[in-house]
Amino acid sequence: MARRKKIYEGKAKILYEGPEPGTFVQYFKDDATAFNAEKKDVIEGKGVLNNRLSEFFMNGLTAVGIPNHFIRRINMREQLIRQVEIIPLEVIVRNYAAGSLSKRLGIEEGTALPRPIIEFCYKDDALGDPLVAEEHIIAFGWAAQQDLDDMVALALRVNDFLSGVMFGVGIRLVDFKIEIGRVWDNDFQRLIVADEISPDSCRLWDMETGQKLDKDVFRRDLGNLADAYTEVARRLGVLPSNVTHAVKPTLIN
Ligand SMILES: Nc1ncnc2c1ncn2[C@@H]1O[C@H](COP(=O)(O)OP(=O)(O)OP(=O)(O)O)[C@@H](O)[C@H]1O
Ligand SMILES: [Mg+2]
């Protein structure tokens, strides 16, 4: 088989050229990074879980009419996606205070916010993905005002959907981050949800115990990350039948 052309290798995923023009294959790695890649590890099975979970969430978005890049899953670690032109912003939606917002503003983690708060970070690893204002986004041409309005609307729809899905399985959606990209249908430009939606990009707390079921488990050394993601997948009924993590050959005496 001819080797596929690698388009981009990031910290958590690899993009390959897809089978048709305008498509990519997105491969989910087991690598975990935090604090702008200062902390790194390989978490066996994470890629498999995130591939499945992102498929589940993106299919859910499609079902309720929220446009996104997901086409179909190819195998345990790969999915076919529509190629987009990524807007160089991370769009963060927060329902409860946590992480950098708590730190920056001195608001205790877990405090319910009066309304969902949307933040934008400029995607630039060298700068540490800094928080930016709409003024910067417009002035530097990263997105137009109309794009920003569309991005906010899209992010809030994703928030409503994801909050409801997670509530249904006893999990609080504290916050999450999405990436959004442009696609063209003839001359008409649209914005769609791209990248991934997974416990790597969300904060998920068990509603009863407050247990963290997301990447903070890794960031803060709170236990086994794959176990946390497996629990999310299990509750959502999307656990792959043959999860690879921790299923190493065992010696039976
Ligand atoms: N549908 C898509 N079309 C084009 N690019 C995409 C699409 N979905 C995601 N991407 C991009 O693919 C890359 C996925 O790799 P990964 O998430 O590992 O990157 P990363 O290490 O987080 O770095 P960065 O996001 O800063 O490039 C990201 O750059 C993301 O913006
Ligand atoms: Mg990424």
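1. Threonine 23 stands opposite arginine 82, a residue of β7. The model is predicted: local features need pLDDT of at least 70, side-chain atom pairs count only at pLDDT 80 or more, and totals for chains, interfaces and linings use all residues. Residues are numbered from 1 along each chain as its sequence is written, while chains are lettered from A and ligands numbered from 1 in the order in which they are written.

2. Strand β3 (residues 23–28) pairs with β7 in the antiparallel sense over five bridges. Two strands count as paired if DSSP finds at least two bridges between them. Strands (E, at least two residues) and helices (H or I, at least four) are DSSP runs, numbered from the N terminus. In general, strands of a sheet pair through backbone hydrogen bonds, either parallel or antiparallel.

3. The pairing of β3 and β7 belongs to an open sheet of five strands, ordered β1-β2-β3-β7-β6, with antiparallel pairing. Its edges are β1 (6–9) and β6 (70–73), each of which pairs on one side only. From one strand to the next, the twist averages 25°.

4. Helix α1 packs on this sheet and touches β3, β6 and β7; its direction makes about 135° with that of β6. Axes are lines fitted to C-alpha atoms, for helices over the stretch in contact, and angles run from 0 to 180 degrees between N-to-C directions. Contact between two residues requires their C-beta atoms, placed from the backbone, to lie within 7 Å.

5. The protein is divided into domain 1 (6–82) and domain 2 (85–236), with bounds from an automatic or database domain assignment. Their C-alpha centres lie 16 Å apart.

6. Ligand 1 is surrounded by 19 residues, the closest being Gly10, Lys11, Ala12, Lys13 and Ala194; a residue is near if its C-beta atom, placed from the backbone, lies within 6 Å. β2 (13–17), β7 (78–82) and β12 (171–185) are the elements that give two or more residues to this shell. Each of domain 1 and domain 2 contributes at least three residues. The shell has eight nonpolar, four polar and seven charged residues.

Terms used: Nonpolar A, V, L, I, M, F, W, Y, C, P; charged D, E, K, R; others polar.
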